[in-house]
Amino acid sequence: MKTIIVGGVAGGMSAATRLRRLDEHAEITVYEQGPHVSFANCGLPYFIGGVIDAEESLLLQTPDSLWRRFRLDIRVNSRIVAIDPATKTVTGTNVLTGEEFTDSYDSLILSPGASPRQLTIPGAQRALSLRDVPDAVRIKDAVDGIDAATAVILGGGFIGVEVAENLRHRGMQVTLVQQAATILPQFDPEMIEPLQATLESNGITLALGRTAVEVTSTEVVLDNGQRVSADLVISAIGVTADAEFAAQAGLRMGTAGGIWVDENHRTSNPDIFAVGDAAQKHNVLTGSDQMIWLANLANRHGRAVADVVAGVDSPERDSQGTGIIGAFGMVAAITGLSEKGARFAGLDYRVVHAHPGSHAGYYPGSATLALKVIFDPETGKILGAQATGTEGADKRIDVLATAIYAGLTVDDLMNLELAYAPQFGSAKDAVNQLGYAANNVWHQRTPSVQWHELEARVAAGATILDVRTETENSEAAIPGSLLIPVDDLRARIAEVPDGEVIVHCRVGQRGHTATQLLRQNGKNAHNLDGGYLTWLAGTESRGRTQRVLAFP
Ligand SMILES: Cc1cc2nc3c(=O)[nH]c(=O)nc-3n(C[C@H](O)[C@H](O)[C@H](O)COP(=O)(O)OP(=O)(O)OC[C@H]3O[C@@H](n4cnc5c(N)ncnc54)[C@H](O)[C@@H]3O)c2cc1C
């Protein structure tokens with residue numbers, strides 16, 4: 001049996017090596033259009049920044065090493081240009097010599113990935129993009145060689161932000177131009193704000209809500225006429241599935257833009273499979289089709305498709321989308337649906353924010369996390385979560401991703417038995433604490449108000465009641481709020497006006513205590529979810545220009 005694999009990196013190489021382990025006698029040929037297979041795409045920004053020194057460190061395997069260990073027949077610099085499903089053959093071109101070749105298969109696995117989306121504005125040819133090792137070398141050489149001092153990056157997605165951080169490490173003046181209102185719009189605005197603030201405090205200028213309309217020899221011109229100096233221009237405006245040759249072969253394309261596949265990664269042709277960035281995913285939470293460009297899924301599906309080809313029964317499940325990014329020590333991570341995503345999918349949902357410490361506050365180095373969970377108000381099932389902070393966001397998002405995988409409810413988060421010693425967590429871990437807060441909201445013990453609802457509620461006559469200390473209030477406060485510290489509230493309850501009262505503290509915990517106290521004394525009290533910190537992050541993100549208070 002002969003299997004041909006198109007694309008020799010994440011999905012393709014996972015498929016090839018797994019297939020060999022399952023079938024010592026299979027004939028496996030991998031065609032890769034680039035000069036390298038099995039390279040570390042995810043490390044490329046860090047090579048540009050000098051964090052990863054040597055180009056060789058990015059090359060995890062070579063055709064030789066793969067032949068020695070796995071007897072894989074790897075053909076680099078070989079681009080597949082056509083598939084003929086009727087004769088089960090592929091046609092390709094050697095990109096160095098122009099020579100054509102054909103080959104035949106019993107099974108064909110496509111993992112060609114996704115290409116940078118083409119920039120189409122005047123002067124676009126000066127913009128460099130980043131997909132593979134030669135691209136990274138080109139950008140690194142440009143930074144080294146032309147004495148570049150200023151860089152403009154178009155696109156504030158994962159790659160744009162990572163490249164921005166790394167060019168800043170190289171001492172460049174960096175402007176990040178992002179069409180959407182925030183960077184990384186898959187996050188909700190209040191959750192990505194700490195990363196935006198971190199980028200700016202490290203000298204990166206964010207041009208949010210802006211697009212580039214022209215690249216000149218020295219500048220990038222924005223849609224408001226602003227001209228930004230740019231010795232180097234990087235285009236990171238997204239990717240598109242490398243699926244043209246598959247479409248030309250008559251394979252069905254999915255509604256989201258990639259190659260349509262069933263739950264066994266089989267395309268509309270029974271002998272052809274597709275995985276990775278080029279293949280459409282099915283979202284387990286919404287039931288809808290979606291493109292998800294992440295390495296975990298490419299690797300996981302690459303391994304799984306080998307099982308299918310080898311006839312091994314291997315349980316699979318749909319995708320939920322889990323991603324993480326870090327820059328200058330700040331981490332933002334997401335799993336499942338954002339609030340925006342849930343709204344877009346037409347789902348009813350509830351939201352809870354919490355700001356627990358990354359580990360016990362008395363042990364040095366504890367940092368405040370921002371956690372958010374989105375859940376189904378009927379079943380309590382977790383639909384999505386986000387985590388931001390300088391420490392501990394990564395492990396919390398992985399717990400929450402596992403919780404979604406297992407179909408857990410927010411009540412289950414309270415009961416998770418998580419590892420604890422003071423340098424790693426708290427006896428009530430951050431995830432447990434998120435569960436406690438969500439439990440109170442889900443079971444309607446503490447009705448809550450979201451940061452973005454506050455303005456309208458105040459306009460309708462609600463009073464904002466700050467229950468923090470006088471010191472905290474004097475440092476920074478929500479305009480128009482009334483201060484009664486939680487410890488004085490019983491004695492001063494007569495001062496609390498009738499009508500709706502929106503209680504807030506720093507993170508929502510004292511607010512919950514105060515809300516309970518007030519409600520049990522007949523007041524119409526609601527807790528500002530996530531407290532002052534969530535309100536501040538959301539407000540700053542919404543209008544980065546009207547920043548009145550520094551992010552703590
Ligand atoms: C700079 C960068 C940083 C990233 N960082 C992260 C990260 O931190 N975390 C994360 O989860 N994901 C990250 N990703 C995304 C991740 O790398 C991809 O999701 C993953 O590699 C997709 O695997 P794939 O096999 O579908 O495609 P790829 O790994 O891109 O491999 C596809 C290969 O197929 C080749 N090919 C395409 N067409 C043909 C053809 N017709 N014939 C022959 N060969 C062909 C391509 O040259 C390419 O080498 C990053 C991507 C980039 C570019």
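Guide: A strand here is a DSSP run of E with at least two residues, and strands are numbered from the N terminus. This is a predicted model. In that numbering, β4 gives the largest share of the shell around the ligand, 3 residues.

Visitor: Which elements supply at least two residues of the shell around the ligand?

Guide: They are α1 (10–22), β4 (78–84) and α8 (295–310). The shell holds 28 residues, of which Gly11, Glu32, Ile80, Ser111 and Asp277 come nearest to the ligand.

Visitor: Why is Ser338 called buried?

Guide: Buried means under 20% relative accessible area. Ser338 has 7%, so the word applies. Ser338 sits in the loop between β21 (330–336) and α9 (339–344).

Visitor: What does Ser338 touch, not counting residues up to four places away in sequence?

Guide: Ser338 touches Gln186, Asp188, Ile374 and Gln386. Each of these has a heavy atom within 4.5 Å of one in Ser338, because that is what contact means. The side chain of Ser338 also reaches the backbone nitrogen of Gly341 at 2.9 Å, and a polar atom of that side chain lies 3.4 Å from the backbone nitrogen of Lys340.

Visitor: Why do β11 and β15 stand at the edges of the sheet?

Guide: The open sheet has 4 strands in the order β11-β10-β9-β15, with parallel pairing. β11 (204–208) and β15 (232–235) each have a single partner strand, so one side of each has no neighbour in the sheet. From one strand to the next, the twist averages 15°.

Visitor: How do you know that β9 and β15 pair?

Guide: Pairing needs at least two bridges between the strands. β9 (residues 150–154) and β15 have 4, so they count as paired, in the parallel sense. Val233 in β15 is the bridge partner of Val152. Helix α6 (residues 189–201) packs on the sheet and touches β10 (173–178) and β11; the direction of α6 makes about 130° with that of β11.

Notes: Residues numbered from 1 in each chain as written. Predicted model: local features only at pLDDT ≥ 70, side-chain atom pairs only at ≥ 80, totals over all residues. Heavy atoms only, no water. Buried < 20%, exposed > 50% of the residue type's maximum accessible area, 1.4 Å probe, protein only. Polar contact = N/O pair within 3.5 Å; in protein donor to acceptor, adjacent residues only side chain to side chain. Axes fitted to C-alpha atoms, helices over the stretch in contact; angles between N-to-C directions. Near = heavy atom within 4 Å.
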